Amino acid sequence: MEDAMYVAEKIREPAQINTVALKAYARVADAWGLSLKEAAGLADMSESTWKRAKKPDFAGELTKDQLLRLSAVIGIFKSLELYFSEPLAKSWFTRPNKGPLFGGSRPVDTAIDGGLPQILAVRTYLDALRGGA
């Protein structure tokens with residue numbers, strides 16, 4: 001049991017959490033085909049910081065807001081993968097959407113413009129769709 005506690009404590013180290021979150025977020029950004037500017041904007045980073053953050057040896061700190069953004073975007077990705085078939089799951093976030101949250105804009109653009117509140121709204125919207133609400 002001591003080993004499990006040790007592992008749990010190690011995983012909670014901020015640097016390790018940041019590394020895992022950034023790696024997963026980079027995979028999502030690649031899967032969606034986001035531009036450097038889009039991926040950086042969605043993560044609330046400058047393009048130069050995002051370029052550095054994608055590298056395995058990145059030692060920078062993430063703010064709580066950035067970590068929440070990455071977590072919510074990864075959640076959006078997972079919801080899309082569960083709710084839609086492959087081609088739509090990969091393109092939904094970057095396609096114009098007439099839904100009430102988007103007004104004809106692409107979800108990625110509304111998420112960048114609206115920041116964390118909009119990212120969380122998209123996440124909630126997709127979770128509601130998935131749950132049949």
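How many aromatic pairs does the structure hold? The structure holds eight of them. Please keep in mind as you read that this is a predicted model.

Let's start with the pair of Trp92 and Tyr125. A pair of aromatic rings is described by the distance of the centres and the angle of the planes. Trp92 and Tyr125 are stacked, at 6.5 Å centre to centre and with 25° between the planes. Trp92 sits in the loop between helix H6 (86-91) and helix H7 (107-131), while Tyr125 belongs to helix H7, so the pair ties together parts that are 33 residues apart in sequence. Both residues also belong to one aromatic cluster, formed by Tyr83, Phe84, Trp92, Phe102 and Tyr125.

Now for the overall fold. The protein chain has seven helices and zero strands, and read from the N terminus its elements run α-α-α-α-α-α-α. Of the 133 residues in the protein chain, 37% count as buried.

On the surface, Lys51, Arg52, Lys54 and Lys55 come together in a patch of positive charge. One of these residues, Lys51, is placed in helix H4 (residues 47-53).

| Residue | Relative accessible area | Class |
|---|---|---|
| Trp92 | 8% | buried |
| Tyr125 | 25% | partly exposed |
| Lys51 | 48% | partly exposed |

Why does Trp92 count as buried? Its relative accessible area is 8%, and buried means under 20%.

Key:
Residues are numbered from 1 along each chain as its sequence is written. This is a predicted model: local features need pLDDT of at least 70, side-chain atom pairs count only at pLDDT 80 or more; totals for chains, interfaces and linings use all residues. Side-chain values use heavy atoms; hydrogens and water are left out. Patches are made of residues with over 30% relative accessible area and no salt bridge: like charges are joined within 9 Å, nonpolar side chains (Val, Leu, Ile, Met, Phe, Trp, Tyr) within 5 Å. Accessible areas come from the Shrake-Rupley method with a 1.4 Å probe; for residues, only the protein chains shown count as cover. A salt bridge is a side-chain nitrogen of Lys or Arg within 4 Å of a carboxyl oxygen of Asp or Glu. Lys and Arg count as positive and Asp and Glu as negative; His and the chain ends are not counted. The place of a charge is taken as NZ of Lys, CZ of Arg, CG of Asp or CD of Glu. Helices (H or I, at least four residues) and strands (E, at least two) are DSSP runs, numbered from the N terminus. Buried means under 20% relative accessible area, exposed over 50%, partly exposed in between (1.4 Å probe, protein chains only). Rings of Phe, Tyr and Trp (its six-membered ring) pair if their centres lie within 6.5 Å; planes under 30 degrees apart count as stacked, over 60 as edge-to-face and the rest as tilted.
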